[in-house]
Amino acid sequence: MTMLRTPCILLACLWIGACGTAGIPGDSRSDLAGIRQSREEVSVLFIGNSYSFGVPKAFGGICRENGRRVHVGQVTHNGWSLERHAADDASLRKLGERQWDVVVLQEQSRRPSLPVRRAWKMRPAVAELAAKVRGRGGVPVLYQTWGYRDGDPKVAGDDFHAMTRRVREGYRKTAEETGNLPVAPVGDAWEREVSAGRGARLFMPDGSHPTTAGNALSGEVIYQTIFGR
């Protein structure tokens, strides 16, 4: 197994290993374990927006370094919500074009942190997409993102940690309400890096989108969620 290259990825590996399969409620651990044990090549589809542009490539590289055979696909559009993907013919065709073993679902950055929008917009879209994935024998995984570097500008007195807590809660609630979906706790790993003073390298200048290092950390957490240590 190739050694992990960056301190932030090593931290993610140690943290997830210490927590087992943190963020994976119910029997989802066994669902993913079954795929790991029964597939020589695992097919993984990423559905999301600009937060997911570079993550599939980073994830695929980590898989290769660790001797995992994967087929990686993505349907990602700038600013899109899962609600929009669920209503989009091209996204649905991509979802149905092959047997995807794992489908990683990433919601628009603010929506999980807003209880009303989460309940009325995010949850129904996740439920619909997850049902399609499960109906084809795959496992849907939620990609828990992070707060903006300076917090939500529409929330008075907000900061990164407060927004990240709300995002985390939104993903966890949605996971529970849509059948105990696995959650890849990417935002938690970002929060640990920020708390350790290493967060600046993760953010693009806009204070929202991931740099190459941010994509690498996100890809590592998703790798650990799907494949374990």
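## Salt bridges

E83 pairs up with K121 in a salt bridge, with 3.6 Å between the closest N and O atoms. This is a predicted model, by the way. E83 sits in helix α4 (residues 82–86) and K121 in helix α6 (residues 115–135), so the bridge ties together parts that are 38 residues apart in sequence. Both ends are partly exposed: E83 has 32% relative accessibility, and K121 has 35%.

R39 and D101 make another salt bridge, at 2.7 Å from N to O. Here R39 belongs to the loop between α2 (28–38) and β1 (41–48), while D101 belongs to the loop between α5 (89–96) and β3 (102–105), so this pair links parts that are 62 residues apart in sequence.

## The wider count

In total, the structure has 15 salt bridges. Among them is the one between E97 and K94, at 3.1 Å from N to O. E97 is partly exposed at 47%, and K94 is partly exposed too, at 24%. There's also a salt-bridge network, joining R168, R172, D188 and E191.

## How α8 meets α9

Helix α8 (residues 186–195) packs against helix α9 (residues 212–227) at about 130°, with the axes 9 Å apart. The crossing is right-handed.

On the α8 side, the contact uses V186, A189, W190 and E193; α9 brings G214, L217, S218, V221 and I222. By type, the contact residues split into six nonpolar, two polar and one charged.

How values were computed
Residues numbered from 1 in each chain as written. Predicted model: local features only at pLDDT ≥ 70, side-chain atom pairs only at ≥ 80, totals over all residues. Heavy atoms only, no water. Axes fitted to C-alpha atoms, helices over the stretch in contact; angles between N-to-C directions. Helix = DSSP H or I, 4+ residues; strand = E, 2+ residues; numbered from the N terminus. Left-handed = near helix turned anticlockwise from the far one by under 90°. Contact = heavy atoms within 4.5 Å. Nonpolar A, V, L, I, M, F, W, Y, C, P; charged D, E, K, R; others polar. Salt bridge = Lys/Arg side-chain N within 4 Å of Asp/Glu carboxyl O. Buried < 20%, exposed > 50% of the residue type's maximum accessible area, 1.4 Å probe, protein only.
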